[in-house]
Amino acid sequence: MLSQTVQKDIVSLDFYQPIYRSQLEKYHLSEEQKHFTALPLEAIATCEQENDRHPILILSDNTPVGFFVLHGWEGVKNYSDNQDAILLRAYSVDSSMQGKGISKKSLLLLPTFVRKHFPNKNEIILAVNHSNALAQYIYKKCGFEDKGLRADGRKGELLILHLDLGNG
């Protein structure tokens, strides 16, 4: 008997399309996670008002399982003077899909995605709440560096993490 190897959970990144809206209506985060980030449909509504914000889906087998926004200079300037940086914000993975390595896979795909779609950017930055230790761990494990920069956020101190794209 021949055995077939089926590769499951192929993670990819793509720009949000309205065809995914109904699936995102079912998106769930714990109350603790909602404290640190926005739900996708909330963030998409903001993106629709500001052309400098780009909603991105994390897909697993072509199904939305996560979400984030890439924000240009209007977002970056609050945390950096690098006009060639892009800000990662509102990052999350649906609670039903957590613990499957999707965060790590998506964050490792991120530099290639940014280089392809935003070729003038040389750095990805993000602001993570000082009390969100799990997120800090995952970001650092995927190459983001803490260079000691801090900012005041609505919900406490923020660590500003950096990922050099090596193209600037």
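Helices (H or I, at least four residues) and strands (E, at least two) are DSSP runs, numbered from the N terminus. With that in hand, open the model, which is predicted: local features need pLDDT of at least 70, side-chain atom pairs count only at pLDDT 80 or more, and totals for chains, interfaces and linings use all residues. Residues are numbered from 1 along each chain as its sequence is written, and side-chain values use heavy atoms, leaving out hydrogens and water.

**Stop 1: the whole chain**

Colour by secondary structure and you will find 6 helices and 7 strands. Following the sequence, they run β-α-α-α-β-β-α-β-α-β-α-β-β. The radius of gyration (taken over C-alpha atoms) is 16 Å, close to the 15 Å of the globule rule (2.2 Å times the number of residues to the power 0.38) for 168 residues, so the chain is as compact as a globular protein of that length. Its C-alpha atoms fill a box of roughly 60 × 35 × 30 Å along the principal axes.

**Stop 2: the largest nonpolar core**

A nonpolar core is a set of buried Ala, Val, Leu, Ile, Met, Phe, Trp, Tyr and Cys residues joined through side-chain atoms within 4.5 Å; buried means under 20% relative accessible area, with a 1.4 Å probe and protein chains only. Select Leu70, Leu88, Leu110, Tyr139 and Phe144: of the 29 residues in the largest core, these touch the most other members. Elements giving two or more residues to this core include β1 (11–15), β3 (63–71) and α6 (133–141). The most come from α5, with 5 residues.

Now centre on Leu70. Which residues does Leu70 touch, not counting those up to four places away in sequence? Among them are Ile56, Ile86, Leu88, Leu110, Phe113 and Phe118, where contact means heavy atoms within 4.5 Å.

**Stop 3: the largest pocket**

Next, show the largest pocket, with a volume of about 1,300 Å³. A pocket here is an open set of points on a 1 Å grid over the protein atoms alone, where a 1.4 Å probe fits, with protein on both sides within 12 Å along at least five of seven lines; lining residues have an atom within 4 Å of a point. The volume is the space filled by probe spheres set on the points.

Select Phe36, Thr37, Tyr91, Asn132 and Tyr139, the closest to the pocket centre of its 47 lining residues. Elements giving two or more residues to the lining include α2 (31–36) and α3 (40–49), while the largest share, 7 residues, belongs to β4.

Terms used. Buried < 20%, exposed > 50% of the residue type's maximum accessible area, 1.4 Å probe, protein only.
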